[in-house]
Amino acid sequence: MALLPSLRAALPNATIWDAAELASRDPGFDTRNFGASALVRPRDVEEVAALVKFCSERGISLVAQGGRTGLAGGAATSQGQVICDLGGLNRIEDIDPFTRVAIVQAGVTLGALQEAAAQHGLDPGIDLAARGSATIGGMVSTNAGGIMAFRNGTMRHRVLGLEAVLPDGRLFCDLTRVLKTSAGYDLKHLFIGAEGTLGIVTRVALRLDPVAGASATALVGVPNAASAQHIVRHFLTSTSARLTAAEILWRNFASLMQRSLNYASGSLPLDAPCLLVLGLGADSIEAARSALEGGLAAIWEEVGIVDGLVASSEGQAAAMWRLREETVEIERAHPMAPSFDVSVPAGALDAYVARIEAGLKKLDASYAPYVYGHLADGNLHISLNCEGPVPHERHEAIEDVLYEGLREAGGSFSAEHGVGLEKREAYERHADPVKRDLAKAIKELIDPGNVMNPGKVVG
Ligand SMILES: Cc1cc2nc3c(=O)[nH]c(=O)nc-3n(C[C@H](O)[C@H](O)[C@H](O)COP(=O)(O)OP(=O)(O)OC[C@H]3O[C@@H](n4cnc5c(N)ncnc54)[C@H](O)[C@@H]3O)c2cc1C
């Protein structure tokens, strides 16, 4: 029987779209997401298992998709493949305010969990700009990081347990709700960051944290990243308030955002080599604002702060955050230009940015990268100011400039977006060879038929 009729016969109650329906819908962040022959949206874990078995028995590639906000091409599909859309598994099954644990299905969006947890004065402890669409299953599968990772860790550190359907249809069930379990290999970590190559995550147990009563925002101009890190250290050691965000924007990126968002000059302190968006939580908004003002004043001279403003309204705070979060403006200005996501060890940020700016200029005098990111954990996002796609050889040369020496220095060529398709070649050239061998062996053991998201991460 042809693919679509057999899928409908095997999963009579699931939503199923064919290629024509896929072509008429929004594929999400990556235009390649809807290249498959069919999309199936199971309603529960049993239907996920039935779909996995269906595909495994026929050797059909299966690609899991959540919110389709991934930035590494991990959810891209092609003809002959089937998408497993987790949108039907969208229930928050439990939030226990006493133990601060949530049990959620994989298709729940981060935003929905944030809202539900807030009803109990709690928060998932992880945040990113794509919160309205990104799902917990997708975030687990890419080991998402985001704005609060410097304090709370990445998704890997928030997951207590998880459940996943294996390529042979069996259920890997480790829904531990406790922090401590030292019972042999902690296999759930294999699925965290696997980008759907080892199985389909269906349910997750997550830690929740208490939320601060209110938070204040400041935009601070500094001469360099070292000054910005000095400010971060100061607030991290503060006992009266809690640092919740520290995002850095180099001038070239900040200027593009200012122009794209039509911010009048002088409306915000934007004229400095680096800008820092700071978030500080405290019991009340007054306490948070006062802690930000007092803290900045105390180190103003010592750190060489160029300019700074503590937001006096929610609107002003939102305007500061838009400068950092509306990164879609880069794609508007430079469609398909390559972008990168690296981790640089603390203390080496200024030297790294100076090195890559010089290295890229050597490749092409017009290259002036947009650099911004999560300052406190050294995760920088870099986009090029050219029209994409760039030829393959040039792309490799750019990667060599950006990734050279990173691993040896203790950093990473892929910080939080994953490997997907975009960094497949970089993975072969820049990841540790022993690690790559082990990863391949694990993939072959768990997915011998190479059914789960083939061609991604390990190949
Ligand atoms: C504006 C914007 C801001 C962003 N900011 C950040 C940020 O600060 N930090 C950060 O880390 N990321 C960020 N991202 C990237 C993205 O939001 C994350 O990678 C997110 O984790 C992807 O979730 P998703 O549900 O959209 O996954 P998708 O894009 O649908 O899928 C991503 C990968 O996970 C796999 N997958 C999805 N669901 C499952 C599942 N249930 N089981 C197994 N595999 C699955 C897919 O096959 C694919 O390989 C941002 C993206 C955008 C568009």
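1. Strands β5 and β6 pair in the antiparallel sense over four bridges. Strands here are DSSP E runs of at least two residues and helices are H or I runs of at least four, both numbered from the N terminus; two strands count as paired if DSSP finds at least two bridges between them. Ile92 has Val104 in β6 as its bridge partner. Helix α4 (residues 110-118) packs on the sheet and touches β5 and β6, and its direction makes about 35 degrees with that of β5. Contact means that the C-beta atoms of two residues, placed from the backbone, lie within 7 Å. Angles run from 0 to 180 degrees between N-to-C directions, with axes as lines fitted to C-alpha atoms, for helices over the stretch in contact.

2. The model is predicted: local features need pLDDT of at least 70 and side-chain atom pairs count only at pLDDT 80 or more, while totals for chains, interfaces and linings use all residues. Residues are numbered from 1 along each chain as its sequence is written.

3. β5 and β6 belong to an open sheet of five strands with the order β5-β6-β10-β8-β9 and antiparallel pairing. The edges are β5 and β9 (171-174), each with a single partner strand, so one side of each has no neighbour in the sheet. Neighbouring strands of this sheet are turned by 10 degrees against each other on average, direction ignored.

4. Is strand β10 (residues 200-207) enclosed or open to the outside? Eight of its eight residues are buried, so β10 is largely enclosed by the rest of the structure. Buried means 20 or more other C-beta atoms within 10 Å of a residue's own, exposed means 12 or fewer, and partly exposed is in between, with C-beta atoms placed from the backbone. Five bridges join β10 to β6, and the two run antiparallel; Ala205 in β10 is the bridge partner of Ile103. Six bridges join β10 to strand β8 (residues 159-165), again antiparallel, and Val159 stands opposite Leu206 in β10.

5. A second open sheet has four strands in the order β1-β2-β4-β3, with mixed pairing. Its edges are β1 (15-18) and β3 (62-65), each with a single partner strand, so one side of each is left without a neighbour in the sheet. The twist averages 20 degrees from one strand to the next. β1 and β2 (residues 38-41) run antiparallel and are joined by four bridges; Thr15 stands opposite Arg41 in β2.

6. Two helices lie across strands of this sheet. Helix α1 (residues 3-10) lies across β1 and β2 and runs at about 10 degrees to β2. Helix α3 (residues 45-58) lies across β2, β3 and β4 (82-85), at about 165 degrees to β4.

7. The protein chain is divided into domain 1 (3-88), domain 2 (92-210), domain 3 (214-326) and domain 4 (333-418); these bounds come from an automatic or database domain assignment. The C-alpha centres of domain 2 and domain 4 lie 29 Å apart. Their contact takes nine residues from domain 2 and eight residues from domain 4. The side of domain 2 that touches domain 4 has four nonpolar, four polar and one charged residues. Nonpolar covers Ala, Val, Leu, Ile, Met, Phe, Trp, Tyr, Cys and Pro, charged covers Asp, Glu, Lys and Arg, and the others, Gly among them, are polar.

8. Of the 38 residues around the ligand, Gly66, Gly70, Gly74, Gly137 and Gly138 come nearest; a residue is near a molecule or strand if its C-beta atom, placed from the backbone, lies within 6 Å of it. The elements that give two or more residues to the shell are β3, α5 (136-142) and β10, and α5 gives the most, with five residues. By class, the shell has 15 nonpolar, 19 polar and four charged residues.

9. Two backbone angles deserve a note. Most residues other than glycine have a negative phi. Arg100 has a positive phi of about 60 degrees although it is not a glycine. Arg100 sits in the loop between β5 (92-96) and β6 (101-105) and is partly exposed, with 18 other C-beta atoms within 10 Å. Asn453, also not a glycine, has a positive phi of about 45 degrees. Asn453 is in the segment after α17 (433-446) and counts as buried, with 30 C-beta neighbours inside 10 Å.
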